[in-house]
Amino acid sequence: MKIPFSTMQYMQEEIHEEITKKFEEIYQKGWYILGDEVSKFEKEYKEHIGTKYCIGVGNGLEALYIALLALDIGEGDEVIVPSNTYIATALAVSYAGAKPILVDPDIDTYNLSANGLEDAITKKTKAIIAVHLYGQSADMDEIIKIAKRHNLYVIEDCAQSHNALYKGKQTGSLGDIGCFSFYPGKNLGALGDAGAIVTNDASIAKKARAISNYGSIEKYHHIYKGINSRLDELQAGFLRIKLKRLDQYTKERVRLAQKYLTEITNPKIILPTIGSNRTHVFHVFAIRCQTRDDLKSYLEKHGVETGIHYPISIAKQEAYLNDHLNDLEIASKIANEELSLPLYYGMSEEEIEYVINLLNQY
């Protein structure tokens, strides 16, 4: 049996007619930048998240970069970043002119916790980026408590946590500003690059929107040295179609993940842990195994594709070697042991049982 790591085939088949109709609608309208679809999506998404403001942008990396600029973070500043996140989180800090300071995550949830966080704070620290990795929230109560004690901003990197809840609230609504990616493979994915910023702060929202549009609020009047990062009208239209089904998509991912959690019994495999007071939407079903590479080869020989998130920690990336970032113990351990199992909307019972049986036989 051949099982892909991920596929959008089943999802796309279900919405094919609506997507085609939406394309024709926008095409005939002839308004392709900052039109009705973007406005409507921003309204619908801020209501979904539970914030007062939403700004559609070009992608998740630019969402983080714009958020940092909107908070006046730049040269000489430091921003705390989890040591095991995707490189985009650190890149945004670097683009803003600040320095990423790596802190190891909790080994059970793989997310930033209060552990070691306060030790990393200096007089130069301006913000903490809490990444909700793999699909569940970081420990936001503790992070926000520490941030308030040191007068720091909290930025949420929600690229993998669409629809994840912390104490009943959507990720993105908990800190000062939330940043989303709608890359096609995300739980809420566009058909190309797309992103969004959400916040409850009017001044942050106004500045972020201006920065994303060449630094301009009024046409030809440029307050900031902004960039061109606007949510595409077509992508906004497609996202509106998928947003209506996000609860359905989430429910199915969680159902499949529960099968993995209850039926994988091999003691060599460490299963994901869900932290207290939060839900997990399983953008990635991340297991750990000391013989990860051998397990990956074994599964591939039996037709099962897997992924690794992420095989090289940020500190060891060539791009950051001259920055002399600390290569932290937990980040290295996760990089050496993590393996992501197939999990996608439309995955059949036969397929998931096949993967589970292979894992238990390993």
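**Salt bridges, a surface patch and a helix pair**

Biologist: Why does Glu142 count as partly exposed?

Modeller: Glu142 counts as partly exposed because its relative accessibility is 29%. Buried means under 20% relative accessible area, exposed over 50%, and partly exposed in between (1.4 Å probe, protein chains only). This is a predicted model, in which local features need pLDDT of at least 70 and side-chain atom pairs count only at pLDDT 80 or more, while totals for chains, interfaces and linings use all residues. Residues are numbered from 1 along each chain as its sequence is written, and side-chain values use heavy atoms, with hydrogens and water left out.

Biologist: Which residue forms a salt bridge with Glu142?

Modeller: Lys145 does, and the closest N and O atoms are 3.3 Å apart. A salt bridge here is a side-chain nitrogen of Lys or Arg within 4 Å of a carboxyl oxygen of Asp or Glu. Both residues belong to helix H5 (residues 140–149) and lie 3 residues apart, about one turn of the helix. Helices (H or I, at least four residues) and strands (E, at least two) are DSSP runs, numbered from the N terminus.

Biologist: How many salt bridges does a search of the whole structure find?

Modeller: The search finds 23. One of them pairs the side chains of Lys259 and Glu353 at 2.8 Å, N to O. That pair links distant parts of the chain, with Lys259 in helix H8 (residues 246–263) and Glu353 in helix H11 (residues 349–361), 94 residues apart. Salt bridges with shared partners join Glu252, Arg255, Lys259, Glu263, Glu349 and Glu353 into one network.

Biologist: And Lys259, buried or exposed?

Modeller: Lys259 is buried, since its relative accessible area is 13%. Glu353, at 26% relative accessibility, counts as partly exposed.

Biologist: Changing topic: at what angle do the axes of H3 and H4 cross?

Modeller: The axes of helix H3 (residues 60–70) and helix H4 (residues 87–95) cross at roughly 40 degrees and come within 8 Å. The axes are lines fitted to C-alpha atoms, for helices over the stretch in contact, and angles run from 0 to 180 degrees between N-to-C directions. H3 is therefore oblique to H4; angles under 35 degrees count as roughly parallel, over 145 as roughly antiparallel, 65 to 115 as roughly perpendicular and the rest as oblique.

Biologist: Where is Leu34?

Modeller: Leu34 sits in the loop between helix H1 (9–29) and helix H2 (36–49). With 38% relative accessibility, Leu34 counts as partly exposed.
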